Structures are given as structure tokens and as C-alpha cells.
Amino acid sequence: MAPASSPALSSGPLFSRKTPSLHGALRVPGDKSISHRALMMGTFGVGRTVIFGLLEGEDILATAGAMRQLGARIEREATPSGDAVWFVEGVGVGALRTPETVLDMGNAGTGVRLVMGMLATHPIRATLTGDASLCKRPMGRVTEPLAQFGAEFQASEGNRLPLTVTGARSPVPLTYRLPVPSAQVKSAILLAALNTPGVTTVIEPIPTRDHTERMFAHFGVPVEIHQTPEGETAVSVTGQTELVGQTLTVPADPSSAAFPLVAALLTPRSHLLLEGVGINAHRTGLIDTLREMGADIRLLNERMDTGEPVADLEVRTSALTGIDVPASRAPSMIDEYPILAVAAACATGTTRMHGLGELRVKESDRLTGMADGLRACGVQVEVEGDTLIVHGTGRPPKGGARVPVMLDHRIGMSFLVLGMVSEEPVSIDEAAPIETSFPGFARLMNGIGANISDSP
Ligand code: S3P
């Protein structure tokens, strides 16, 4: 862990310099996907939900704020060991309150889309907004299925935020086949199904993260999952149903662990232990891909916690080789392409990452952002349609650039990792967005040997 004496760093520009090696054991913050869902299901629960390991990043604090507006009582306490425990007194399914003000979801795409699902089948009206990045992201993919329950949406131009939802008074169940593989869309529909009488089914041609389904089971919601004759996955929920408050532990986020993990692979003589990381099979595409590239990553002490598989990840410096990453792997590592592109830039040979269309509608256009930033750091990169091609030379990239983060936490962290292994320092224009998912990232990395500072 970072020593308590590590100085706080500015939320403005940060500079990352060549790192001799990384060593130690650390626990990265709680899983963002699971943390959103824990607060939402706690709100739908009757009685008290107790959450250990909740991510205390800005995205989750925005969801906590929205849940309070919808009627939940949410409190945080510090345990004697200094960890936080969160308590949610839920309102129950069917009992969300009309919020007094606009629900500002900040940068949180998952937060806003899942809250839209909760609202869609409650007879209340609410307006949702977010930061400049969130207001550019497409919401039609959620409003279209949610309207089929009977909800009404008044969105800004191009089906974007700010947007007002009027939930259905008498919701009707539906069967919906996902046109894009998206756990957010699936989860919004499943949350809407909780207050809808009858059976709602989501069909997934390509499976996506199943945290909502697992947490439903933990809260006692009748959820059925089966394969269709066409080989697709069908998830069915029978509403209206009651959720009872539960105790949950949120695993460390594999999407956050990805940054120290790749940093340790690329930095000489490094050895890290990443504790208690979620290894849900719908999230481990990066580990599979890096192992194919030659990475030494071991899964130790595999166990189950609150219905999710968890392990400690042991990582050692490894020589990586470029590979072809198939489009079919995208849903299981959709948030990890920025840091995989950094790994590819340091590998020997070419890495082709296929099927990345969805990267264009994340917190920023990550396909363009990564390609431009890597080129500025002297890496040879091409974008062909939805394929990102990175040519690694097996030698450290030149670095030496200032990269614009564009309100995107993962772009920021990716280029700070690149700076650890480049010939010249790499800087990012703004550290603040990293707080959405990984509070204290630079301090934690410095605690294991990195050299990130706010002065050039
Ligand atoms: C998430 C799903 C993914 C992912 C996002 C979190 C979730 O988005 O990129 O960071 O928690 O359901 P999509 O559903 O848009 O693929």
C-alpha cells in the first residue's frame, strides 16, 4: 500500500517517469460495476443492506446521491481498521420517491443508464444529467427498450442527456434481444423488470458481464438463465418482486487492477500481488490476452465472495509478443483496451485488436484517443475501421508527450503507465477524471515504486 506519508497530488497535470521496478502487495479499489449495483439493489431492498469494499470514486458517489434522492437512507462509517462500511436503508421495489432536483450522474455511464431502468417502471418523473462527456454519450440504446415497458422519455437532441423520464404507471413485460452487447442495457431492462408484473426476458447474442444477475440471486430475486436453441443466452426475471436487504462484499475491480498489472509486466524486475480481485469470466479477457502475449500472471487463492469469483493475482515482469485479439473477446475486456494498447506498444511485433466499435462511445472516443496519444509518444499505430493496430518494437517507446485525457479516467491511467516505461516522461493534462474510478491512483502507484508527480 502507498505509505501514509505519500503527498497528495494535484488534480491538474501529472508527469510519469521511468520506473526502475514495482514491488509489493496492494488492493485496488472496489469494482465499479458491482458498487453501482449494490447501492441500487440496496435501495430496492426492504430493510438494511450492508456493503463492504464499496468503490468510493465519484461515479459511485453520484449513484449514492441519486439513490438518496429516490428515498434511500445511505450512511458511511469507518471500521476500527480504517476501512469503510456503507449502510443502505432501502425503500422497496415500487416505492421510489420523486426526486426534488435534477439527478446529476457526473461522468457515470453505468450509473445513469441503470438509474433510467429503475425509474422506467415507477410512476414518477425525474430529470437526469451529467458532465460534458456523459452528455455526449448515446442514451437511445436504453430509452428504446425502456419505452416498451410504457415509460416516456424527453431527451436532448440525438437521444442524449439531459433527459426526463416519466415512468410507466402500469408497466408491461417484454422480451428484448440486445442489438449491441451491453451489460448496461441488459441491466437497465432487468432493473425495470423488478416492478413489472410477469416475465421480462433479455436475450444476449454475445454474453456480457452478469453482475446484475448474480446480485439478483443474492437478494432473492427469481432470475432464470438458459441457452436458447440458437445458442444465445436468455435472462428472465419475474416481477413484481420483493428484495430483502443483504450484506455484500465488493471485490477489487479487475478493470482498475489492469493498470498496476500491466505496469508490473512492462517494468523491469517487478513483482506484484494484487489482492482480492474479481475474476468473473465476463471480465477476464485482458488476463487471457496478456497470457497469450507471454505474460506471467498467476491466480492464487481462488474463492467465492457474495456470489462472485475472486482471486489474488501474482504478476512478474514479462517479455510480451504481439498477437491478434479476436472481436469475440471485446465484451470480456471492453474497458481494458486502452491499457492493452500500452502493453502492445511495448511488445515485440504487431497487435491487432478487432471489433472495437463500442470504444468510440465510452467516456471518450477511446479508439481515437489512444491512437493519437500513442502516436504522440512515438508509437506506430493504425486504425482500420473498428480495428486498432499497434506495432511494438520490443524497446521502450520514446514518450515525451502531453496527452489530453478528455474527461476519460482510463486514458489518463493508461498514459501514466506508459510514462513508467518510456524513454522520456509522459504527462497527462488533467488527473481529476481518474477520481471517477480509481481514487488515489498515482499515490498508490508511487507506493509500489512508480514516479508520478505534479511537477515537470
Ligand atoms: C458496464 C458495462 C460496460 C462497461 C462499463 C461498465 C456495467 O459498458 O464498459 O464500464 O457495469 O454494466 P457497456 O454496457 O456499454 O458495454
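## A buried serine

You will find serine 182 in the loop between strand S11 (175-177) and helix H5 (183-193); helices (H or I, at least four residues) and strands (E, at least two) are DSSP runs, numbered from the N terminus.

Not counting residues up to four places away in sequence, serine 182 touches Arg141 and Thr208, where a contact means heavy atoms within 4.5 Å.

## About the model

This is a predicted model, where local features need pLDDT of at least 70 and side-chain atom pairs count only at pLDDT 80 or more, while totals for chains, interfaces and linings use all residues. Residues are numbered from 1 along each chain as its sequence is written, and side-chain values use heavy atoms, leaving out hydrogens and water.

## Arginine 37

Now let us turn to another residue. Arginine 37 sits in helix H1 (residues 32-44), and its relative accessibility of 2% means that arginine 37 counts as buried. Among the residues that arginine 37 touches, not counting those up to four places away in sequence, are Thr110, His211 and Met215.

The largest nonpolar core has 78 residues, of which Leu290, Tyr337, Leu340, Met353, Leu374, Val390 and Phe415 touch the most other members. A second, separate core of 62 residues includes Leu96, Met118, Ile124 and Val142. Such a core is a set of buried Ala, Val, Leu, Ile, Met, Phe, Trp, Tyr and Cys residues joined through side-chain atoms within 4.5 Å.

Technical notes. Buried means under 20% relative accessible area, exposed over 50%, partly exposed in between (1.4 Å probe, protein chains only).
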